[in-house]
Amino acid sequence: MTKHLIYTILILLISFSTNTFAQSYSGVLNQADSLLSQIANHTATTVQQIGEMDPARGRYKMYPTENVHNFIKLDTSTGRIEQVQWSLKTDKEFSVWINTSYLSYYGKIGRFELYPTQNMYQFILLDTTDGRVWHVQWGFKPTERWIKRIY
């Protein structure tokens, strides 16, 4: 009889530990399902944002300056800015960065816009998503080209 009691206790212990393991395993599966659901939602949001990047608009935009030979080229997705000078003389043409920094890594096309000021060398850069603004200046010397955040 004691042998029978020991077997019964062992069976109950095994049954209890198996049930506990199954519940723990079930909890892990629920967490994994929840995580996969979050990933799926994030992916759907990303796909929607990519869909908002209207390729017909184009990522880059050229802004004329009052100097007929100089334009400002804006990457409307990242906020990077170049000064582009054209000429009938090849040695007078160039393109130089005003702002090499990415102001947004995940911006959609059209996120950034430039606005001219009364000073022909200066523009205001606007992040149309969060409202941040920068003072931008182009020029012929490296010290005359800069960008500064306006707080």
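The model is predicted: local features need pLDDT of at least 70, side-chain atom pairs count only at pLDDT 80 or more, and totals for chains, interfaces and linings use all residues. Residues are numbered from 1 along each chain as its sequence is written, and side-chain values use heavy atoms, with hydrogens and water left out. Helices (H or I, at least four residues) and strands (E, at least two) are DSSP runs, numbered from the N terminus.

**Overall fold**

- Along the sequence the pattern reads α-β-β-β-β-β-β-β-β.
- Of the 151 residues, 26% count as buried. Buried means under 20% relative accessible area, exposed means over 50%, and partly exposed lies in between (1.4 Å probe, protein chains only).
- Among contacts with a separation of 6 or more, 33% join residues 24 or more positions apart. A contact means heavy atoms within 4.5 Å.

**Nonpolar core**

- The largest nonpolar core holds 13 residues. I72, L74, I81, L114, F123, L125 and V136 have the most contacts inside it.
- Strands β2 (70–75), β5 (112–116), β6 (122–127) and β7 each supply at least two residues of this core.
- Such a core is a set of buried Ala, Val, Leu, Ile, Met, Phe, Trp, Tyr and Cys residues joined through side-chain atoms within 4.5 Å.
- In soluble globular proteins, nonpolar side chains tend to be buried together.
- V136 touches I81, I98, L114, Y121, Q122, F123, L125, W146 and I147, not counting residues up to four places away in sequence.
- I147 lies in strand β8. At 24% relative accessibility, I147 counts as partly exposed.
- Leaving aside neighbours within four places in sequence, I147 contacts I81, I98, N99, L103, L125, W134, H135 and V136.

- β5 and β6 pair in the antiparallel sense over five bridges. Two strands pair if DSSP finds at least two bridges between them.
- These two strands form a hairpin with five residues between them. E113 has L126 of β6 as its bridge partner.
- β6 and β7 also pair in the antiparallel sense, over five bridges. L126 has V133 of β7 as its bridge partner.
- The β6–β7 hairpin has five residues between its strands. In the turn, G131 has a positive phi of about 85°.

**Salt-bridge network**

- The whole structure contains seven salt bridges. Each is a side-chain nitrogen of Lys or Arg within 4 Å of a carboxyl oxygen of Asp or Glu.
- R111, D127, D130 and R132 are linked in a network of salt bridges.
- D127 and R111 meet at 2.8 Å, N to O. This pair links distant parts of the chain: D127 is in strand β6, and R111 is in the loop between β4 (94–99) and β5, 16 residues apart.
- D127 is buried, at 0% relative accessibility. R111 is buried as well, at 12%.
- D130 bridges to R111, with the closest N and O atoms 3.5 Å apart. D130 lies in the loop between β6 and β7 and R111 in the loop between β4 and β5, so the pair ties together parts 19 residues apart in sequence.
- D130 is partly exposed, at 43% relative accessible area.
- D127 also bridges to R132, with the closest N and O atoms 2.9 Å apart. R132 is partly exposed, at 21%.

**T128, in the β6–β7 loop**

- T128 sits in the loop between β6 and β7. With a relative accessible area of 42%, T128 is partly exposed.
- T128 touches G110, R111 and E113, not counting residues up to four places away in sequence.
- A polar atom of the T128 side chain lies 2.6 Å from the backbone oxygen of R111. A polar contact is a pair of N or O atoms within 3.5 Å; within protein, one must be able to donate a hydrogen and the other to accept it, and residues adjacent in sequence count only if both atoms are side-chain atoms.

**R145, buried without a salt bridge**

- R145 is found in the loop between β7 (133–137) and β8 (146–150).
- R145 is buried yet has no salt bridge. The nearest side chain of opposite charge, E144, is 6.3 Å away. Lys and Arg count as positive and Asp and Glu as negative; His and the chain ends are not counted.
- The R145 side chain reaches the backbone oxygen of F140 at 3.4 Å.
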